[in-house]
Amino acid sequence: MTQQQPFYRLGLVGYPIDASPSPAMHNAALKQLGLSGHYNLLPCATTKQLPQLLQLVKQQGYCGLNVTVPHKTAVLPHLHQLTPPAQQLQAVNTICIQPDGLLIGHNTDVAGFTNSLQHEGIAIPTRAVLLGAGGAARAVAYALLHRGCQHIDIINRTAQRAQQLQTCLQQLLPQSCIKLWPADKTGWHCMHNADLIINCTSVGAGQHASQSPVPQQHPFSSSQVVYDIIYGTHLTPLLQQAAKCSARVINGNSMLLHQAAASFAIWADTAAPLAAMQQALRTKLN
């Protein structure tokens, strides 16, 4: 008697999520591997709706979820276990639902960033600059410091938020060297010594799509790598600036792809078909 093939019922929880490319990537992965299943969008506008939604997906036989804004932190009290990165960052973007209903929270943003650097042939830098101090900056900084980056400068408009990030990172990694700078000429000056500059803000997307977090006249170096976690088909204003100075530029498509691949590998317990997922991402974005 042959064993019945599992049905991978997967989904994305967040709001707004209508334009998300996640279904395209994950459904392409299922098809490429010949696995039965489907990845759905599960809009959830408020944190009050989370308990009911999580109960519903368990009843409907879901085995995995991605979690995006505004629920990456709000979902924590509803989970039974957290993996070390999720526990240390206090943020979850992937949930594995066990057959007994146990909810295990993961954070694949960390692996997504480091794997994207490896895929792009970028070595872990000695010195990096982060623009922004939110949840994305926390995951990127954690990834860099864990892989051997020696010094991180954080440039943020709000000093209190940057201080909170600095405190969190130094509690997790006491030997790390982290300095804070305001978003002004002193902050821009510290960028001259960076090997890698990462934009972790939303400046360059949405209503800020025509803006850059860095002054237009800032001189990037041809030896620098400028990474913008904003994904899409076009270079953001920041990346356009950097490209004009012959710096190497990378947009957020790479991190999006690799964090999705890491999530899929958790659910399916097999390596994700990266090429199929990348092609699906390109098709969706175009």
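The radius of gyration here is taken over C-alpha atoms, and the globule rule is 2.2 Å times the number of residues to the power 0.38. Keep that in mind for the first stop.

This is a predicted model, where local features need pLDDT of at least 70, side-chain atom pairs count only at pLDDT 80 or more, and totals for chains, interfaces and linings use all residues. Residues are numbered from 1 along each chain as its sequence is written, and side-chain values use heavy atoms, with hydrogens and water left out.

**The whole chain.** Show the C-alpha trace: along its principal axes it spans about 65 × 40 × 35 Å. A compact globule of 286 residues would have a radius of gyration near 19 Å, and the chain agrees because it has 19 Å. Switch to cartoon and you get ten helices and twelve strands (DSSP runs numbered from the N terminus: helices are H or I with at least four residues, strands E with at least two). Of the 286 residues, 50% count as buried (under 20% relative accessible area with a 1.4 Å probe, protein chains only; exposed is over 50%, partly exposed in between).

**The second largest pocket.** Next, select Tyr 62, Cys 63, Ile 97, Gln 98 and Pro 99, which lie nearest the centre of this pocket among its 15 lining residues. A pocket is an open set of points on a 1 Å grid over the protein atoms alone, where a 1.4 Å probe fits, with protein on both sides within 12 Å along at least five of seven lines; lining residues have an atom within 4 Å of a point.

**Two cis prolines.** Go to Tyr 15 and Pro 16, joined by a cis peptide bond with omega about -5°; Pro 16 sits in the loop between S1 and helix H1 (22-32). Then jump to Val 69 and Pro 70, also joined by a cis peptide bond, with omega about 5°. Pro 70 is in the loop between S3 and S4.

**His 71.** Stay in the loop between strand S3 (64-67) and strand S4 (81-82), where you will find His 71. It counts as buried because its relative accessibility is 0%. Beyond its neighbours within four places in sequence, His 71 is in contact (heavy atoms within 4.5 Å) with residues including Val 13, Gly 14 and Cys 44.

**Positive phi.** Last, pick Asp 269, a non-glycine with a positive phi of about 55°. Asp 269 is in the loop between H9 and helix H10 (274-285), and is exposed at 70% relative accessible area.
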